[in-house]
Amino acid sequence: MASDDDDVKERLIEDFRPRLKEHIKVEQVLDYMHSIENEQKEQIRQKARNDGNPAAADVLVSAVLKKPHSPGWFREFVDALLHSGCEYAADYMQVNPPTPEVEAENDNCVQLIRLLCPSLVDMKTEEVCEHCTSACLITEDDSDIIRTATTNRGRRDGARELLGRIVKGRPGWFSTFLNILRETGHQYLYELTGGSPDCDKQGSDEKLPSVKDEPTGDEAATDESAAAPESSDSPQLIEININEEPQDADLYQGASQLLSNLEPSQPDGTDSVAAATGPEKDDIVLRNYQMDVARPALEGKNIIICLPTGSGKTRVAVYITKKHLDCRRAEKRPGKVVVLVNKVPLVEQHYSTEFLPFLKHTYKVERVSGDCQLKISFTEIVKKNDVIICTAQILENYLERSNKGEDEGVDLSDLTLIIIDECHHTQKGGVYNHIMMRYLKQKDKNKRLKKEQKEPMPLPQILGLTASPGVGGATKMEKAEEHILRICANLDASRIMTRSLGTYTKEQRKRTETVEDRKEDPFGDVIKKIMNAIHAHAQLSPTCDLGSQNYEQWVVQKERNAATMEDQKVRVCAEHLRQYSEGLNLSNTIRMCDAFNFLNKYHEEEIKRKTTPDEEHKIQITATERFLFNLFKDNKEELQRLAENPEYENGSLSKLRSKILQEFSTREEARGIIFTKTRRSAIALSQWIQENPKFADIGVKASYVIGGGDQSVVKPMTSAEQRDVLAKFHNGEVNLLIATTVAEEGLDIPACNFVIRYGLVTNEIAMTQAQGRGRAEDSSYTLVDVKNSGVAEKECVNEYRLKMMDKAIEKIRALKQADYDKRILEFQIQAIMEERVRMVKKKQKGIKTEHPSNVKFSCRGCSKHVCSGEDIEIIENMHRVNVTTQFSNLFIQTENTSLQERLLDYETNGFIACKDCGQRWGSMMLYRGIDCPCLHVKNFVVTVNGKKISKCTKWSELPVKFSDFDYAEHASQVTQASDDEETESMTS
């Protein structure tokens, strides 16, 4: 019987589900639903915040219907509706619905309020709210929510909240609401909504607007003629006779005629009041804690805002930008704001999601980054726009141009506000610090100008944004304070502003997954056997564990020393050992088959390097290289067999698999990020997830995002590729992102509800940033240990440092302003003095620059002499090329299979390699129609004045000034050679 009774009640709920979605107040009902678990309640509340009340009400109804039912489940639901002020919804559940006529009348009233909402939000919210509460149109809880919305987000948002709640009441609310509008002095709104201008005269003819021909939606909101009470001859107005009935009834019933031809409510169940009148993008409303930290900046002071990730720092910056520009405009002074970011994807994010939507109606906003295709110069962009969002290096480049006296430059005095995102990078040799050093030097110079009674150069206001300034590796409180004060000094900040988020604080569930060593690791044992055979062949004796970080450092040093000593046997063995060490680490991080594929591909590439494309030229293979190739060949089959046996898979991967399955099976809409150490592991983990059917069964859609730099042997991602993946993650097309540290800072992903750091821990700043990617309510943060990573211990250290950082900030904020200013000034003077010393040393180093003829380059692979510095020329102060005929006879050209399109005057057409040993030397670059062999210094052993340099990985490490590439001369030589060939062919 009980089961049959439950079936009837379930059918009743399902039949009236559309009505329940419209009339349930989710937040209040949940307070009385004790049978629903707290975790599920929080998920429903989050749904309400993200997708609106109707969508959350739908989830709530599903939770009520979920079996098995507890005793009294239906009564609890009805009581919850009654106690939470949802009497109209309760009427349906108690089989006491209104008559069809009354129901239709009520629907028309709701539609009318929705239609006129853009005008109704101009009401005096607090006063109307008080009258509605007294008239029992809303509950005390409703009233508290409306007052909070009004206080925090403004009167109009409070009015929206009020309108959204009164329409959920029992039929009869409409006429009461109209009377309240009249009583509170809203005569225009009263008449607009259907009230009579002559309402005090009983029996008078009532005039109500008809919407038979009235526009709907946004059109209706702007059509003033439909709302003007004095336009009695307007075709939008018709006359309705009221036959001496009580006025309230007339107002209520007349609404049906007002809305008889309106479209039905939105089929998707979204809240139409909210949908039609969402927050206006040009009306920025800050929360209390946001306004507190912004206040000094609004007074024109330089400050750092330090708030947790996800707390709306960028929104605060937009608000400060608008107020800054408004103030400048009111004073008839020009305003110019530059927003600096340290990653290209952040340019588009800040532009499209924050600054442009809020400022586009009032100010010109533009964005510029390294891969931007705008055809005008940055100088022109600065001149023509009010707000410019760009990567910091672009501004630094144009400040330097101005410093050199070039026309196409930008001065600090051209700007009135600089916003520095992730400002904790304003230290050491970073680009932020280069910009701020220019600022500090000019500030110091301005003091002297004032003393000399000369006009100082105007400097922009500075606003720094960060979630964590860090402690700079400090172990003592004093050093942590010093680190933070230095950042404040570098940014010329008068204060560092931070606040508790109060009720907006999001607590993350945090967990560390430890992993025990494998009982058996036959795959790793075979790799170690190969490595020990190489040690014996090269007579090397390592003193640390194979595959450890210390071992990798030892191998790298051995390779460098051997290259310098021209010991090719040890050098090539060390190179192979480094790859096996990487393979060992990969087998502890990702699948053994991925580690095997990595090693197999490396050997295939090495063998391919020893063959020429045309097969005409024989490249030398030494006895050591033959030994190494055969060693892998002899063990290849066993490695492949072991790699395919899941029994020996690493424990970290098992922990990761369990965690992903748990997150996606317990959350209604899971969306997460896995941070991993290397590009290779990010790609391999993404492939592992995509190939595993268990993940597909629970709806996991994975992709990876990695960095765009070319320092790694793994092909980098272009900015366009990064943007594409992040856009898919934003819209849910991808719900699991595997990323390197490129995605740690700044990227705003509101729906992300779990973060996993997989064998990756760096410092306390990165830890804070990674945790902050989990923006959604009820988000989790998990650390998965990986062998040889030591992540659990590092995480403990980082947590200690974060506590130290918080205490240090509080101590700095507690300083008297005079004491704070004194310490900041000391650090600024010290920074300026250190910069001057550095510049003097740089000049002295420039004087000592070696003549190119004293620099010799030999092949790292076979020690053959290649060229001298006199043969090398430099293109665009960046690319070192050798276009001599002698050099062209020393290399072969191979295809570059991973070419990327470059929107520049040059492109890479392939690799160049040593003719004798196959060692790669660089790339063939096509520069404005001329083939230019471009050299990479890391592929050579460099000798300066007879002394070999053991470590030289960048051209900037060489104290040599090469000649500039003479394009005109080389172009004429190429043309002459081409003409000679043409003449020769004609004569023959």
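Modeller: Happy to! Pro68 sits in the loop between α5 (53-65) and α6 (73-83) (helices are DSSP runs of H or I, at least four residues; strands are runs of E, at least two; both are numbered from the N terminus). This is a predicted model, where local features need pLDDT of at least 70 and side-chain atom pairs pLDDT 80 or more, while totals for chains, interfaces and linings use all residues. Residues count from 1 along each chain as its sequence is written, and side-chain values use heavy atoms, without hydrogens or water.

The bond leading from Lys67 into Pro68 is cis, its omega lying near 0°. Most peptide bonds are trans, and most residues other than glycine have a negative phi. Cys136, not a glycine, has a positive phi of about 60°, and its place is the loop between α9 (125-134) and α10 (140-153). With a relative accessible area of 67%, Cys136 is exposed (over 50%; buried is under 20%, partly exposed in between, with a 1.4 Å probe and protein chains only). Ser863 is not a glycine either, yet its phi is positive, at about 70°. You will find Ser863 in the loop between strands β16 (855-859) and β17 (865-868); its relative accessibility is 18%, so Ser863 counts as buried.

As for the surroundings, the largest nonpolar core has 71 residues, and Phe523 and Leu736 are among those with the most contacts inside it (such a core joins buried Ala, Val, Leu, Ile, Met, Phe, Trp, Tyr and Cys through side-chain atoms within 4.5 Å). Helix α26 (residues 568-589) gives this core its largest share, 8 residues. A second, separate core of 50 residues includes Cys306 and Tyr820.
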